[in-house]
Amino acid sequence: MGDFSNYGGSDEENAEIKRLNAEVDADTDNFENWEKLVRACEGLEGGLNRNSSPQALATLRATYDRFLLKFPLLFGYWKKYADLEFNISGPESAEMVYERGCASITNSVDLWTEYCSFKMETTHTPHLVRELFERGATHVGLDFLAHPFWDKYLEYEERQEAQDKIVAILNRVIRIPMHQYARYFERLRTLAQTRPLLELVSADALARYRAEVEAENAPYGIQKSEPEIERDIRAKIDAQLYTVFQQTQAETTKRWTFESEIKRPYFHITELEHAQLANWRKYLDFEESEGNFGRIVFLYERCLVTCALYDEFWFRYARWMSAQEGKEEEVRNIYLRATTLYVPVSRPGIRLQYAYFEEMSGRIDVARDIHAAILNKLPDCVEAIVSWANLQRRQSGLDAAIDIYKAQIDSPTVDIFTKAALVTEWAYLLWKVKGSSEEARACFSKNVQWYSDSRHFWQKWLEFELGQPTNAELEEQHGARIKDIIQMIRSKSRLSPAVKQELCQVYLNYLQDRGGKKAMKEFLALDRELYGPQSISVITKAKLGGKENGVMGELDEPTRQKAEARFYSFYQLHMDPDPNAQGPASFN
């Protein structure tokens, strides 16, 4: 919105618009707030028309533009916007809205049908109307529920009294598996009895049919008249049409089960049922098994209207498309749509996948920019920071990766517990990539004073020490290092007793598996402290509501939750869908 307080209405209306704008800006994902704002703008000055004030019209247009930029798949609102523009400014403005809408939701049967209907009524140049219908047919003609669009196309040609074009359209439609395929066949079959033969089949096909008729009569020496030959040719054409009908019927039947299970074929911000997602998965499996590229793409595009907010289908589409030869730009377009329009940045997995794709394609700067864009919105996204550092390591070397970690650790916008996780990643780079255990250990030791309240920090340090090579001579020194870490956890950390218990259990396991002759003495002493009754165990006492000795202060609950959080990557959290799941399916 422009920075002004006069929205074109009364003082009361302006105050209401200002309030609703503030609510939308505070929570741009709240659909109900958007709807209230749109309704309020439509109602300015008692209802907008071509005589309304410029301020009120500007307010309406700016609101619709923002709304449909946020929710571009709402075909009903594109139609409503186009109607408003028609009433306010005339057909040219309305057509611009239709064009934007059809570009935003290219496979909406309803929107293309409305646009073509509008064009029929406002344009008197047939070739322009037909060009629009053909554009629409490219985008929605294969839809299982495309009959309203095809009916409108046929209606237009009826108005033009273009019987040849009606026959041509019907010849296309009878080959498309769709809900009402049979009535198009019946109509074409009726027309085929009287229309010129060259309208029904190509010249080559007609010559072939004539040759077949003549060949069938030749053995009997029968010389048929031209009307008789035409009758026999029409019979062959009818038989061919019936064969097409049977093929279309079979293809329709294959898809009927999937189509009948689609309860919401349009976009909405509310969650879908698990059963609906399962049906889309099965439908895509089926269409992929059929192997028709055009139909597969069309079904994916339909699916990604209904399931636009579920990133699993964007991942699936991009993966499938990337397996097709020479489709790099198509894959890029899928990622762009997913990341810029539909999947929120709070679920960064698809954006990271897009960055990997651009890196693979040699567009390293784009891959870097994608990471930076994620962190601009999610400065504490450990996965994105680690991914960026690894991108730098692959393309520019170890020092470049460490520079990423340094920059994020020094950043005032990054949370301390995120920094703790990044320090461990830095240490692991030194260990795994540079091959220097000593530098990695120094990285942990130097930073323990800052990150002693981080579960992740201690966990990764323990894993690091447990992963060091050892032998009989070095095992005592090795065990001493692990013991020192455990003692620091017990004395320096303010983690909850349950988490300390879990971390210390690592040392108990170590003593059992790799301890020396006196290991069981230490094992039992630690076991007493961890699991004994509260009279002898400070940890048990703390778990039961008391306080641990030797630890200064306690973490408040929000801080404790961050301190004890586990960090997972997208693939660690990935799970195959549960085919038996019921109820609404979360977007996460």
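Which residue forms a salt bridge with Arg302? The partner is Asp143, and the closest N and O atoms of the pair are 3.5 Å apart. A salt bridge here is a side-chain nitrogen of Lys or Arg within 4 Å of a carboxyl oxygen of Asp or Glu.

The model is predicted: local features need pLDDT of at least 70, side-chain atom pairs count only at pLDDT 80 or more, and totals for chains, interfaces and linings use all residues. Residues are numbered from 1 along each chain as its sequence is written, and side-chain values use heavy atoms, with hydrogens and water left out.

The domain assignment, automatic or from a database, gives domain 1 (11-250), domain 2 (261-336) and domain 3 (453-581). The centres of domain 1 and domain 2, taken over C-alpha atoms, lie 23 Å apart. Domain 1 brings 13 residues to the contact and domain 2 brings twelve; contact means heavy atoms within 4.5 Å.

Domain 1 and domain 2 bury about 1,100 Å² between them. Buried area is the accessible area (1.4 Å probe) that two parts lose on being put together, summed over both. Carbon and sulfur atoms account for 71% of it. Leu73, Asn107 and Leu142 supply 44% of the area that domain 1 buries against domain 2, more than any other three residues.

The count between domain 1 and domain 2 is one salt bridge. On the side of domain 1 that touches domain 2, ten residues are nonpolar, two polar and one charged. Nonpolar covers Ala, Val, Leu, Ile, Met, Phe, Trp, Tyr, Cys and Pro; charged covers Asp, Glu, Lys and Arg; the others, Gly among them, count as polar.
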